[in-house]
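Trainee: I have just opened this structure and would like to learn how to read it. Could you take me through some features one at a time?

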Amino acid sequence: MPAEQLTPTSASRPKTGIVHLGLGALFRALGCVFVADAMTASGGDWGIVGVSLRSPKVRDALRPQGWAYTSLTMDVPAPVARQIEVLNDVLVAPEDPTAVLDAMADPAVKIVSLTVTEKGYCHTPATGLLNTEHPDILHDLAHALPRSAIGYLVRALQRRRDAGHAPFTVLTCDNLPKNGKLLRTIVLDFARRLEPDLADWIAEQGRFPCSMVDRITPATTEADIRTVTELTGLFDAAPVIHEPFMQWAIEDDFVGGERPDLEVVGVEMVTNVLRHETMKLRMLNGTHSALAYTGYLAGHKTISDTICDPVFSRYTQDLWSEIIPSVDAPDGVDLSSYADALHARYRNPEIHHLTRQIAMDGSQKLPQRLLGTLRSNLNVGRPTAALCLAIAAWMRYVCGIDEVGQPIEVLDPRLEDIRALTAGLQTPTEIVTALLSMESVFPSDLAPLLRAPVIAAAETLWALGAREAIKTLQDDE
Ligand code: CS2
């Protein structure tokens, strides 16, 4: 007998106070959970309207179940399922851009939050500036109904200004350095090209707090959907599966101070989130990307498989030894304990976080995850061999053939450029030299400093394969 479908347990919902752009699994596993908890603790109308910027998949899955879904924490000794009922609607932007702008322009909406992934910012990762040649940006500057998150933000803010309403707070939750400041710069640049007065209004009245979010949330699979049905007895077409750990640190800078009572549920409301952010981007996301490329090349499917291989476990420790001296710890945080906790999180065998999922979009991820650390270390002569091997592994990965000669399905917005730069090249030296010339990824002053150490790493990697190449680093210790 098929399981009964999950439905909301309560007939009423809070009014919408938040519109979230880019409704993926991470925000449903973290932001929605914290906001739901904050309302349980302190009340308030902070219902969320989610916006999918591309596919109708999540909307189609959630609509028949009244926007409710299961959050499944892969805890020990047993997983814990919980029903989350904070979403009021999910809009699919390409189907109805006006509905999205209407939702964002509603004065009852105080916050527009975003998880649109790195490439959703339409910026140049090496500089943090708006990419004015991006096709979606060119489109959005010329048309009133946007395609990009940036276009939506600016057009919706324009409508609020024209209607005499206050702006919403723009709360980015993506893994980008100084994410709020970066987004503010991009939004103001776009707005200035559209209407300079609008840019001035946003600059003066808008708020773009930086935030750091952390919860490991792999993409949901069919097997996960079956697990949830077995556990709860209810069919949920779009559950989210995640680790127990969750952390959200936000700069407490909201328009009119209006926000859910997040601190009562453990969100860290701080004046400056930079140290949290750098720690997480370099120590977590940096090692994640390094393990994704090297682990994939060595034939490991998930992060937990990779880290359970002793060679890779030690490699991760070596990476942290190179990364930690470049990180200024947030108050009260001990970085080696933070690394130990990450190691334990990566080992969670119930979290099937695919190396190829994390390997996606490397051209957008490397600068903040690995290159900042490399720059800090090269500046003062600290070791970089483990980090350089990660860069070399990205280069081998994007060349598209794995260590046993099988094709790799490389997903990256700069894939065409990568293919054009590397076509016909054979040797690691040629490939490294070609890829280091991508100025949108490798700043022109850093690339020459990386050349020799990355070529050395690439030569070993191409000759021996990832696992053996890592072992040579360890033999040198
Ligand atoms: C991962 C992140 O997919 C990736 O690139 O590194 O999504 C990571 O799992 C989260 O940032 C953890 O908070």
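Mentor: Gladly! Let's begin with burial: Q474 is buried, with a relative accessible area of 8%. Buried means under 20% relative accessible area, exposed means over 50%, and partly exposed is in between (1.4 Å probe, protein chains only). Before going on, note that this is a predicted model: local features need pLDDT of at least 70, side-chain atom pairs count only at pLDDT 80 or more, and totals for chains, interfaces and linings use all residues. Residues are numbered from 1 along each chain as its sequence is written, and side-chain values use heavy atoms, with hydrogens and water left out.

Trainee: Where is Q474 found, and which residues is Q474 in contact with, leaving aside its neighbours within four places in sequence?

Mentor: Q474 sits in helix α20 (residues 466-475). Helices (H or I, at least four residues) and strands (E, at least two) are DSSP runs, numbered from the N terminus. Contact means heavy atoms within 4.5 Å. Leaving aside neighbours within four places in sequence, Q474 touches V311, R314, Y315 and D318.

Trainee: How do I read the sides of a helix? Which residues of α17 are buried?

Mentor: The general idea comes first: an α-helix has 3.6 residues a turn, so residues three or four places apart point the same way. In helix α17 (residues 415-422), the buried residues are L415, I418 and T422. They cover an arc of only 60° around the axis, which puts them on the same side of α17. That arc is taken from the directions from the helix axis to the C-beta atoms. On the other side of α17, E416 and A420 are exposed.

Trainee: What do the buried residues of α17 pack against, and what follows the helix?

Mentor: Their packing partners are α16 (385-398) and α18 (428-436). After α17 comes G424, with a positive phi near 80°.

Trainee: What about α4: which of its residues are buried, and what covers them?

Mentor: In helix α4 (residues 97-105), the buried residues are P97, V100, L101, A103, M104 and A105. Their cover includes the strands β2 (16-21), β3 (47-52), β6 (87-92) and β7 (111-114), along with helix α6 (149-162).

Trainee: How should I read the backbone angles?

Mentor: Most residues other than glycine have a negative phi, and most peptide bonds are trans. Here, T117 has a positive phi, near 65°, and lies in the loop between β7 and β8 (123-124). K178 also has a positive phi, near 45°, and its place is the loop between β10 (169-172) and α7 (179-194). At 40% relative accessibility, K178 counts as partly exposed.

Trainee: Which peptide bond is cis?

Mentor: The bond from V76 to P77 is cis, with omega near 10°. P77 belongs to the loop between β4 (69-73) and β5 (80-84).

Trainee: Which residues are around the ligand?

Mentor: A residue is near a molecule if one of its heavy atoms lies within 4 Å of it. Around the ligand are N175, V213, D214, R215, I216, K280, N285, H288, H353, I358, K365 and R369. By class, that shell has three nonpolar, four polar and five charged residues. Ala, Val, Leu, Ile, Met, Phe, Trp, Tyr, Cys and Pro count as nonpolar, Asp, Glu, Lys and Arg as charged, and the others, Gly among them, as polar.

Trainee: Which elements supply at least two residues of the shell, and which gives the most?

Mentor: β11 (211-214), α10 (274-297) and α15 (362-380) each supply at least two. α10 gives the most, with three residues.

Trainee: How far are the ligand's oxygen atoms from N or O atoms of N175, R215 and R369?

Mentor: A polar contact is a pair of N or O atoms within 3.5 Å; within protein, one must be able to donate a hydrogen and the other to accept it, and residues adjacent in sequence count only if both atoms are side-chain atoms. An oxygen atom of the ligand lies 3.0 Å from a side-chain N or O atom of N175. For R215, a backbone N or O atom is 3.1 Å from a ligand oxygen. In R369, a side-chain N or O atom is 2.9 Å from an oxygen atom of the ligand. Taken alone the ligand exposes 340 Å², and the protein buries 88% of that. Such areas come from the Shrake-Rupley method with a 1.4 Å probe; for residues, only the protein chains shown count as cover.
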